Amino acid sequence: MNSQSFDLTVEDLQYRVKDGASFRTILDINHLDIVCGEKVGLRGTSGSGKSTFLKLISGILIPQKGDVYWGAEAINRLSESQRDDWRGRHCGFLFQDFRLFGGLSALDNVILPLTFRGTITQADRSRAKTLLDACAVPAQTQASLLSRGEMQRTALVRVLMSSPQVILADEPTASLDHDNAIHVMDALFEAAENLKATLIVVTHDSSMLNRFRRVLTLEDGTVRGA
Ligand SMILES: Nc1ncnc2c1ncn2[C@@H]1O[C@H](COP(=O)(O)OP(=O)(O)OP(=O)(O)O)[C@@H](O)[C@H]1O
């Protein structure tokens, strides 16, 4: 059991990008708390900063101003390699574009991140194979040859394999048919429940948003419903 707290606190955060000769503010969030184990839906119009927000709270990006705390740890103050390590240990990120290694099999894609935590065991390989089978993904097929639904489910299994305390998903059902979308969302909720993990899901889909007790909206660079 991990005794580390994974409450999220975003404090006075500002993220700007270069826009020609000047800068454009993408996010300006005064304060946001998400309690460890909460399941939160995140919506907002295209370009409102949803993906950027997930990348900031996972330490992929760092803000120009403010802090992102997971428990007592301000992850934006860590070095890049420390942030990578933190993500590898604690955070499962389901990306919009899957981020699979096309030349590797589905199975190898799924077990690769476990190298962050030590040596991969035969038990890890068996568990990965069982989860891929349960998700109807052909484990030995090269990732570049998988269908989009299979790619998404492979990315999902990769998240589940690392038993993260923080699960972030960026439009995880966008490219899926209805049945697959439900399967992916069910699996995310079940994993979050079992792991007592925090789950934050970006989605435009109102039927998916209805599942969340708390829904945040990104608008004009800030979070409504915080
Ligand atoms: N590195 C960058 N340089 C310039 N602009 C950027 C950069 N990264 C993001 N942006 C801009 O920031 C804004 C927010 O982008 P982001 O991808 O977070 O939006 P989003 O809400 O996830 O959009 P969508 O729903 O379309 O995926 C967009 O206007 C985008 O063009």
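Modeller: First, an axis is a line fitted to C-alpha atoms, for a helix over the stretch in contact, and angles run from 0 to 180 degrees between N-to-C directions. Helices here are DSSP runs (H or I, at least four residues), numbered from the N terminus. This is a predicted model, where local features need pLDDT of at least 70, side-chain atom pairs count only at pLDDT 80 or more, and totals for chains, interfaces and linings use all residues. Residue numbers start from 1 along each chain as its sequence is written. The chain's average pLDDT (the predictor's confidence in each residue, from 0 to 100) is 92, with 98% of the residues at 70 or more. The model also gets ipTM 0.97 and pTM 0.93.

Now look at α5, residues 148-161. The axes of α5 and α6 (residues 178-195) come within 11 Å and cross at roughly 5 degrees. That's why we call α5 and α6 roughly parallel (under 35 degrees; over 145 is roughly antiparallel, 65 to 115 roughly perpendicular, the rest oblique). Gly 149, Gln 152, Arg 153, Leu 156 and Leu 160 of α5 touch Asn 180, Val 184, Ala 187 and Ala 191 of α6, where contact means C-beta atoms, placed from the backbone, within 7 Å. That contact has 5 nonpolar, 3 polar and 1 charged residues (nonpolar: Ala, Val, Leu, Ile, Met, Phe, Trp, Tyr, Cys, Pro; charged: Asp, Glu, Lys, Arg; polar: the others, Gly among them).

Next, turn to α4, residues 122-134. The α4 and α5 axes come within 10 Å and cross at roughly 140 degrees, so this pair is oblique. On the α4 side, Arg 127, Ala 128, Leu 131 and Leu 132 make the contact, and on α5 it's Thr 154, Val 157, Leu 160 and Met 161. This contact holds 6 nonpolar, 1 polar and 1 charged residues. Leu 160 of α5 shows up here and in the contact with α6.

Definitions and conventions. Helices (H or I, at least four residues) and strands (E, at least two) are DSSP runs, numbered from the N terminus. Two residues are in contact if their C-beta atoms, placed from the backbone, lie within 7 Å.
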